[in-house]
Amino acid sequence: MRIVVDLNRCQGYAQCAFLAPEVFFLRGDEALGYRPRVSDDQRERVGRAVAACPVQAISAGPAAGADVD
């Protein structure tokens, strides 16, 4: 599964880091880091993180970031 976070939109609320800590993590006080590719067994947790993002900065799925590569 591909994950893309719009870091310009992300405000560092870190809801994703609480819901999927294997995928999303904080660097310092507010900078978000993430693993851009994760196995499908993380799908449910990543889905919760996507839904919980208050600024809708996370997209996930096969087409996420397709225009970035």
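## Cavity

The structure holds 1 cavity of 30 Å³ or more. The model is a predicted one. About 90 Å³ of space lies in the largest cavity. This cavity is lined by 15 residues, and those closest to its centre are Cys10, Tyr13, Ala14, Cys16 and Cys53. Sorted by class, the lining has 12 nonpolar residues, 3 polar residues and no charged residues. As a general point, rolling a probe the size of a water molecule over the atoms shows where empty space is left.

## Cysteines

How many disulfides does the model contain? The count comes to 0. Cys10 is in no disulfide, and the nearest cysteine sulfur to that of Cys10 belongs to Cys16, 6.3 Å away. For Cys16, which is likewise in no disulfide, the nearest cysteine sulfur is that of Cys10, at 6.3 Å.

Cys16 has a relative accessible area of 8% and is buried.

## Hairpin

Strand S2 covers residues 24-27 and strand S3 covers residues 31-34; the two run antiparallel and are joined by 4 bridges. Together S2 and S3 form a hairpin, with 3 residues between the strands. Within the turn, Gly28 has a positive phi of about 75°.

Arg27 has Ala31 in S3 as its bridge partner. Leu26 stands opposite Leu32, also in S3. In a regular strand, the side chains alternate between the two faces of the sheet.

## Salt bridges

The structure holds 3 salt bridges. In general, side chains of opposite charge can pair when their charged atoms come close.

Glu22 and Arg45 meet through their side chains in a salt bridge, with an N to O distance of 3.4 Å. This pair links distant parts of the chain, its members being 23 residues apart. Glu22 is in the loop between helix H1 (15-19) and S2, whereas Arg45 belongs to helix H2 (residues 43-52). Glu22 is partly exposed at 35% relative accessibility, and Arg45 is partly exposed with a relative accessible area of 37%.

Another salt bridge joins Arg43 to Asp40, where the closest N and O atoms are 3.1 Å apart. Arg43 counts as partly exposed at 45% relative accessibility.

Glu44 is exposed, with a relative accessible area of 54%, while Arg48 counts as partly exposed at 46% relative accessibility.

Which residues other than glycine have a positive phi? Ala14 is one of them, with phi near 70°. Ala14 is found in the loop between strand S1 (3-5) and H1. With a relative accessible area of 9%, Ala14 is buried.

Gln56 is another, with a positive phi of about 50° although it is not a glycine. The position of Gln56 is in the loop between H2 and strand S4 (58-60). Gln56 has 62% relative accessibility and counts as exposed, whereas Ala14 is buried.

How values were computed:
Residues are numbered from 1 along each chain as its sequence is written. This is a predicted model: local features need pLDDT of at least 70, side-chain atom pairs count only at pLDDT 80 or more; totals for chains, interfaces and linings use all residues. Side-chain values use heavy atoms; hydrogens and water are left out. Two strands pair if DSSP finds at least two bridges between them. A disulfide is a pair of cysteine sulfur atoms within 2.5 Å. Buried means under 20% relative accessible area, exposed over 50%, partly exposed in between (1.4 Å probe, protein chains only). On a 1 Å grid over the protein atoms alone, a cavity is a set of points where a 1.4 Å probe fits but cannot get out, and a pocket is an open set with protein on both sides within 12 Å along at least five of seven lines; lining residues have an atom within 4 Å of a point. Grid points are joined across faces, edges and corners, and a volume is the space filled by probe spheres set on the points. Ala, Val, Leu, Ile, Met, Phe, Trp, Tyr, Cys and Pro count as nonpolar, Asp, Glu, Lys and Arg as charged, and the others, Gly among them, as polar. A salt bridge is a side-chain nitrogen of Lys or Arg within 4 Å of a carboxyl oxygen of Asp or Glu.
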